[in-house]
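Here is a short tour of a protein model with a ligand. Please keep the viewer open as you read.

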Amino acid sequence: MSTETTPPNSTSDHASTAKFTELGLSDVTLAALKKVAYETPSPVQAGIIPIALKGRDVLGQARTGTGKTAAFALPILERLGEPIRGHKPRALVLAPTRELAVQVRDEVQRLAHGRKLRAIAVYGGKPLKSQIDRLQKGADIVIGTPGRVLDHLGRGTLLLDQLEVVVLDEADRMLDIGFRPDIEKILRRCPRERQTLLLSATVAPPVERLARRYMTDPEVMDFSPKGKTLDTIEQRYFTVEDIRKFDLLMALLQREEPAQAIIFARTKRGVDKLHRKISHKYPEVTCIHGDMQQRVRDRVMKEFRAGDAKLLVATDVVGRGIDVSGISHIINYDMPQSSDDYVHRVGRTGRMGREGIAFTFVTPEQGNELTRIEMLINKLLVRDEIEGFQAVAQAAPPQEAPADGAAPEEPAAPKPPPPPGQRPRRRHRRGL
Ligand code: AMP
């Protein structure tokens, strides 16, 4: 594996210097970029496009929200040019979730403006029949989740003999979900002579192993923010008792008046319940989780993307891939289960350098979880409070006088938030 000699690892460097006209793109593509109003390439695009246009394999470390889709889509479109007879699949993109597959398909279709290429998405939860029909009509670019792609390969409804490019998008996520065997089966059925592009937010050993096995001398490019994770996003927390969380949410929504917010809850049932309760006050709320039918999930995402729904209550699994540029607020109503999930959730706002703010509700027992997150993102969350709002349901009843006759302890008064940047004391009942 060779390493890129001058890796574009600084966002500002590349954003300010590169131009789409300097990346070796054709006039058709430049016209499409004009149509979608992309003026300047993002660092990921400025880095990956020229290398991928040469036909090289690329292993790019980049998160969603960095413009990574266009970074692999544009070289694919340039390579394919125009359809071959029968629109046989020549590019295959594997993505971890249905939502991401749909997002990638939409972006490819937008960027394919002016070409006759067809892109379709295939994923579980939708009837096979309609996908088979569309595959039979011909598709030059197929974007799919590994399980469903494998299903089509097994049925012979997807043939890869003309394949020229394979993309593994969010490879770390696909491996996390357990798609490794499926991915390997698919890659083994792809022609050996091909270009492979792999995008991953993290390049842990499992991703490296996959790259070593299935890529040819890839150019390794690191666009990770290097300790500056979620840099443009203001991140705060509230200490709150479990039973006061809903009231805090109402008070927070009233104070913040978010343009668009995702509210994360831990379980599917939790999402349903929260959605119901919020809808009494805010009718423009919707929700999404893995138990909902794909048709409904698609409708929800459409509404949210169009701005018709201002609040979206979601679980991690589906919330993770959501890319909607208008999201101003992230509210972690329930703490994420892992620190990694925190980064994924909060990364849904502040897309493409826009400003965003994230709030995390922390119960007094969850101080350690908060600390773990802070260690991962290398940043302290700032404590927030809503004036006049009591985060504790009731003050503890006065205690019996201790046997030694000392006066009973007063219930602790809420502490003022520590000055920004100062690490609050880590106590079990943090912040109370
Ligand atoms: P991605 O990381 O591919 O999910 O892209 C994040 C968002 O940025 C998507 O909404 C894209 O449409 C948008 N985007 C990608 N590249 C550019 C660009 N060069 N200029 C402006 N917006 C872009």
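Which polar backbone atom is 2.8 Å from an oxygen atom of the ligand? The backbone atom belongs to Gly-67.

## About the model

This is a predicted model, in which local features need pLDDT of at least 70, side-chain atom pairs count only at pLDDT 80 or more, and totals for chains, interfaces and linings use all residues. Residues are numbered from 1 along each chain as its sequence is written, and side-chain values use heavy atoms, with hydrogens and water left out.

## Around the ligand

Gly-65 also places a backbone N or O atom 2.7 Å from an oxygen atom of the ligand. At Thr-40, a polar backbone atom is 2.9 Å from a ligand nitrogen. On its own the ligand has 490 Å² of accessible area, and the protein covers 83% of that (Shrake-Rupley method, 1.4 Å probe).

Helix H4 (68-80) and helix H5 (98-111) are the elements that give two or more residues to the shell around the ligand (helices are DSSP runs of H or I with at least four residues, strands runs of E with at least two).

## The open sheet

Further along, seven strands make an open, parallel sheet in the order S11-S12-S10-S13-S14-S9-S15 (strands pair if DSSP finds at least two bridges between them).

S11 pairs with strand S12 (residues 311-314) in the parallel sense over four bridges, and Ile-288 stands opposite Ala-314 in S12.

Technical notes:
A polar contact is a pair of N or O atoms within 3.5 Å; within protein, one must be able to donate a hydrogen and the other to accept it, and residues adjacent in sequence count only if both atoms are side-chain atoms.
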